[in-house]
Amino acid sequence: MIISTNPANGTVLAQFDEHTEAQVERMLHDAVQAQREWAQQPMAARAAVLTTLAVVLRERKAQYARLITSEMGKPLAEAEGEIEKCAWTCEHFAQHGPGYLADTPVASSGSDSYVVYDPLGVVLAIMPWNYPFWQFIRFAAPGLMAGNGSILKHANNVPQCALALQQALLDAGVPAGLMPTVLIEAGRVKALIDDPRIAAVTLTGSTAVGKLVAAQAGSVLKKQVLELGGSDPFIVLADADIATAARTAVKARFGNAGQSCISSKRLIVEESVADAFVEAFVAHTRELVVGDPMAPSTTIGPLARPSLVADLDDQVQRSIAAGARLLVGGTRRAGAGCFYEPTVLDHVTPEMAAAVEETFGPAAAILRVKDVEAAIALANATEFGLSAALWTADIVRARTLVRRIEAGAVFVNGLVASDARLPFGGIKHSGYGRELGQAGAREFTNMKTVWIGPAR
């Protein structure tokens with residue numbers, strides 16, 4: 001049984017029976033047939049469907065936002081922003097996808113040589129709950145343009161979002177059967193990965209699940225794109241604009257209640273400006289409003305499920321026991337729902353839980369360092385490598401420093417975010433492969449070399 005529960009109050013919203021083996025078999029059969037036909041459609045026809053999908057998403061923004069908020073708890077304004085981002089991304093790939101995927105000529109003596117980008121087929125998309133529409137759309141938009149189909153295995157706490165996505169695709173003109181949603185428990189995913197009709201796998205999720213999926217897909221030699229966990233550094237150097245950095249750091253750490261792979265989880269600050277940064281950061285943190293995510297004034301909603309609250313509290317308490325200084329928060333909110341107070345830990349050291357482990361919730365760890373060299377070394381002292389933020393007034397020096405930061409993306413003097421125009425993904429235990437941008441458009445294609453010599 002797949003159960004949808006409102007994390008703000010524990011109310012059961014809906015229940016769904018798992019799809020049977022026969023139903024899954026039918027989905028796979030239909031997806032393969034639909035993908036073969038879709039791959040023959042011209043780019044203009046694929047782009048037209050994506051453009052219509054953007055219209056559908058915007059027309060239903062209020063409906064979809066309330067669905068997101070009720071199933072996983074983010075504030076309504078953030079949910080509306082998620083839908084708008086999905087619509088814009090569809091428009092982006094409708095406009096730029098044909099260029100990203102156009103044949104690439106290659107100079108070759110005595111021949112007509114070029115590279116074509118053929119679709120791989122049906123891709124298994126294993127998606128998380130924290131951005132239930134966006135995570136799928138950022139794969140699906142370029143995937144559709146490339147001529148691929150998919151089977152969506154969404155997180156089981158957002159089944160209504162998964163089914164709403166499926167209906168939106170159909171209503172936008174995506175062929176029936178091309179991108180179905182399968183409602184199954186995690187234990188049945190391996191059978192899908194093993195099925196020869198699945199050409200590749202994309203996963204956004206935890207590092208532990210990523211290792212498991214990578215091993216399963218690797219055993220049957222299937223391509224994977226893995227976007228996994230992160231412990232992103234937010235580096236504040238002594239010459240940074242401290243007021244702006246502190247204000248942005250609150251958004252970077254507490255957006256979506258801290259439940260994001262690219263949240264800034266380790267705030268690494270040069271000692272000479274640490275006191276000023278911490279004072280401003282704590283002041284802005286105290287302005288956050290925890291409460292009903294449907295209420296306009298709420299800026300921090302519940303965590304998605306009780307286990308996340310327990311895990312976060314354990315990390316916070318272990319860090320405090322190890323010597324971290326609690327400046328604000330550090331407690332579960334009393335009453336119904338999966339709420340945790342926005343938390344700031346100062347004087348965190350590299351071996352503490354809040355620095356070593358990925359904290360998936362509203363808790364910020366502040367680590368003080370003596371200079372820029374110590375800041376870069378500490379930023380890289382992690383198994384993760386998803387993204388990073390660097391704050392400094394010296395842009396010339398920044399261009400050198402970003403080369404030394406081990407991450408899939410580095411944002412200088414700005415909030416780390418995914419963008420349809422830019423490749424997105426990580427290194428080390430944060431995964432591999434890229435989504436979005438030209439690189440993402442080509443990830444699930446066969447980059448086929450064509451060499452044509454003179455006719456004899």
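Ala388 is buried, its relative accessible area being 0%, where buried stands for under 20% relative accessible area, exposed for over 50%, and partly exposed for what falls in between, with a 1.4 Å probe and protein chains only. The residue is found in strand E14 (residues 387-391); strands (E, at least two residues) and helices (H or I, at least four) are DSSP runs numbered from the N terminus. Leaving aside neighbours within four places in sequence, Ala388 is in contact with Asp232, Pro233, Ile405, Ala407, Ala409, Val410, Phe411 and Val416, contact meaning heavy atoms within 4.5 Å. Between the C-alpha atoms of Ala388 and Ala322, which are 66 residues apart along the chain, the separation is 26 Å.

The model is a predicted one, in which local features need pLDDT of at least 70 and side-chain atom pairs count only at pLDDT 80 or more, whereas totals for chains, interfaces and linings use all residues. Residues are numbered from 1 along each chain as its sequence is written, and side-chain values use heavy atoms, with hydrogens and water left out.

## Nonpolar cores

A nonpolar core is here a set of buried Ala, Val, Leu, Ile, Met, Phe, Trp, Tyr and Cys residues joined through side-chain atoms within 4.5 Å. The largest such core has 126 residues, and the members that touch the most others are Phe133, Phe136, Phe234, Phe277 and Phe281. When residues up to four places away in sequence are not counted, Phe136 touches Ala125, Met127, Ser150, Leu152, Leu165, Leu169 and Met179. Another core lies apart from the largest one and has 22 residues, among them Ile151, Val201, Val213 and Leu228.

## Helix H2 and its cover

Helix H2 (residues 43-59) has 17 residues and reaches 25 Å from its first C-alpha to its last, close to the expected 24 Å, a span taken as 1.5 Å times one less than the number of residues. The buried residues of H2 are Arg46, Ala47, Val49, Leu50, Leu53, Ala54, Val56 and Leu57. An α-helix has 3.6 residues a turn, so residues three or four places apart point the same way. What covers the buried residues of H2 includes helix H1 (21-38), helix H3 (61-72), helix H4 (76-100), helix H5 (134-146) and helix H6 (159-171).

## Salt bridges

With a salt bridge defined as a side-chain nitrogen of Lys or Arg within 4 Å of a carboxyl oxygen of Asp or Glu, the count comes to 26 salt bridges. In one of them the side chains of Arg138 and Glu227 meet at 2.5 Å, N to O; because Arg138 lies in helix H5 and Glu227 in strand E8 (residues 223-227), this pair ties together parts that are 89 residues apart in sequence. Both Arg138 and Glu227 are buried. Arg138 also meets Glu435 in a salt bridge, at 2.8 Å, N to O. Glu435 lies in the loop between strand E16 (431-432) and helix H15 (437-443), so its pairing with Arg138 in helix H5 ties together parts that are 297 residues apart in sequence. The relative accessibility of Arg138 is 3%, and that of Glu435, which likewise counts as buried, is 6%.

Asp275 forms a salt bridge with Arg368, the closest N and O atoms being 2.8 Å apart. This pair links distant parts of the chain, with Asp275 in helix H10 (residues 271-286) and Arg368 in strand E13 (residues 363-369), 93 residues apart. Asp275 is exposed, with a relative accessible area of 54%, whereas Arg368 counts as buried at 18% relative accessibility. Elsewhere, Arg58, Lys61, Glu84 and Glu91 are linked in a network of salt bridges.

## Positive phi angles

Most residues other than glycine have a negative phi, and most peptide bonds are trans. Lys428, which is not a glycine, has a positive phi near 50°; Lys428 lies in the loop between strand E15 (409-412) and E16 and counts as partly exposed at 34% relative accessibility. Leu436 also has a positive phi, of about 70°, although it is not a glycine. Leu436 is placed in the loop between E16 and H15, and at 0% relative accessibility Leu436 counts as buried.
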